[in-house]
Amino acid sequence: MMIDNASIISFLSDFVSEQRRNRIEEVQAQRTRYVTVVLEDIYQSQNASAVLRTCECLGIQDINIIENYNSYRVNPLVVRGSDKWLNIRKFKGPEYNSSKAIKKIKSEGYRIIATSLHGTSVELCSFDLYRGKCAVVFGNEHQGVSEDVLKEADEHLKIPMCGFTQSLNVSVAAGVVLSHLMQKLKQSTIKWNITAAEKEILCVEWLKCSVKHPEMLIRQLMERDRK
């Protein structure tokens, strides 16, 4: 027997505080899928975890993880539980995964934005959000964004550098780029909020994260409705 999301939300809401329920609604109102993040082959767990934490704090819901040579690992001391509020999709297979991931993300209507010092890179302050949804790709700590992604990217984006050092730590770079883009997005006239249907789905997942033994409670709801 299938239980609709509205029924699950109503039922699980009785097991959380009013404060938590209000907080879920507040966070939903600030969530977006207009900007998504792609982490390509990140080596250090603390860097990947720091980016996830930044995304969650800024309201970016979806993270794409590409695993080629390095496996994605969570550093619990850094991520601080932020990953449970996000939708994390991994591209992991026996073959090279970057091209497959980029093709899939493009098919979902995103333009691929590679962060690099490429000759045609646009400076962060000049990046045009109005051109459509964007998937911002951050490469690994040693090589940056791969050549394959650089070739397949729709645009290239860079942070202006004023010192002798020409690169930032990947988690710092993500923080700078995403903070700027999200501030600019929320000041724009772009319809960046998630839909009512998406809010309902997230509400179910977030309520499950907020109660003990959520699956047991949902089974109780199903049994109650059978009677």
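How many Å apart are the mean positions of the positive and negative charges of the protein chain? I looked this up first. The protein chain carries 31 positive and 27 negative charges, and their mean positions are 2 Å apart. I note here that the structure is a predicted model.

**Entry: the whole chain**

I next looked up the secondary structure. The protein chain holds nine helices and seven strands. I then turned to the radius of gyration, which is 19 Å for the protein chain. The globule rule gives 17 Å for 227 residues, and the value for the chain is close to this, so the chain is as compact as a globular protein of that length. I also recorded the box that the C-alpha atoms fill: along the principal axes it is roughly 70 × 40 × 35 Å.

**Entry: surface and contacts**

I looked up how much of the chain is covered. Of its 227 residues, 46% count as buried. The protein chain exposes about 12,300 Å², and 50% of that area is supplied by carbon and sulfur atoms. For the contacts, I took those with a separation of 6 or more; residues 24 or more positions apart account for 82% of them.

**Entry: residues with positive phi**

I began with a reminder to myself. Most residues other than glycine have a negative phi. I then recorded two residues with a positive value.

Asp41 is not a glycine, yet its phi is positive, at about 60°. I found Asp41 in the loop between β1 (35-40) and α3 (45-58). Is Asp41 buried or exposed? Its relative accessibility is 5%, and buried means under 20%, so Asp41 counts as buried.

Arg80 also is a residue other than glycine with a positive phi, here near 50°. I located Arg80 in the loop between α4 (76-79) and β3 (87-92).

**Entry: Asn140 and its contacts**

I then looked up Asn140, which sits in the loop between β6 (134-138) and α6 (147-152). With a relative accessible area of 11%, Asn140 is buried. Which residues is Asn140 in contact with, leaving aside its neighbours within four places in sequence? I listed Glu40, Asp41, Ile42, Tyr43 and Asn70. Asp41, the buried residue of the previous entry, is thus among the contacts of Asn140.

Key. Residues numbered from 1 in each chain as written. Predicted model: local features only at pLDDT ≥ 70, side-chain atom pairs only at ≥ 80, totals over all residues. Heavy atoms only, no water. Helix = DSSP H or I, 4+ residues; strand = E, 2+ residues; numbered from the N terminus. Rg over C-alpha atoms; globule rule 2.2 N^0.38 Å. Buried < 20%, exposed > 50% of the residue type's maximum accessible area, 1.4 Å probe, protein only. Contact = heavy atoms within 4.5 Å. Areas by Shrake-Rupley, 256 points an atom, 1.4 Å probe, with all protein chains shown as cover. Lys, Arg positive; Asp, Glu negative; His and termini not counted. Charge placed at Lys NZ, Arg CZ, Asp CG, Glu CD.
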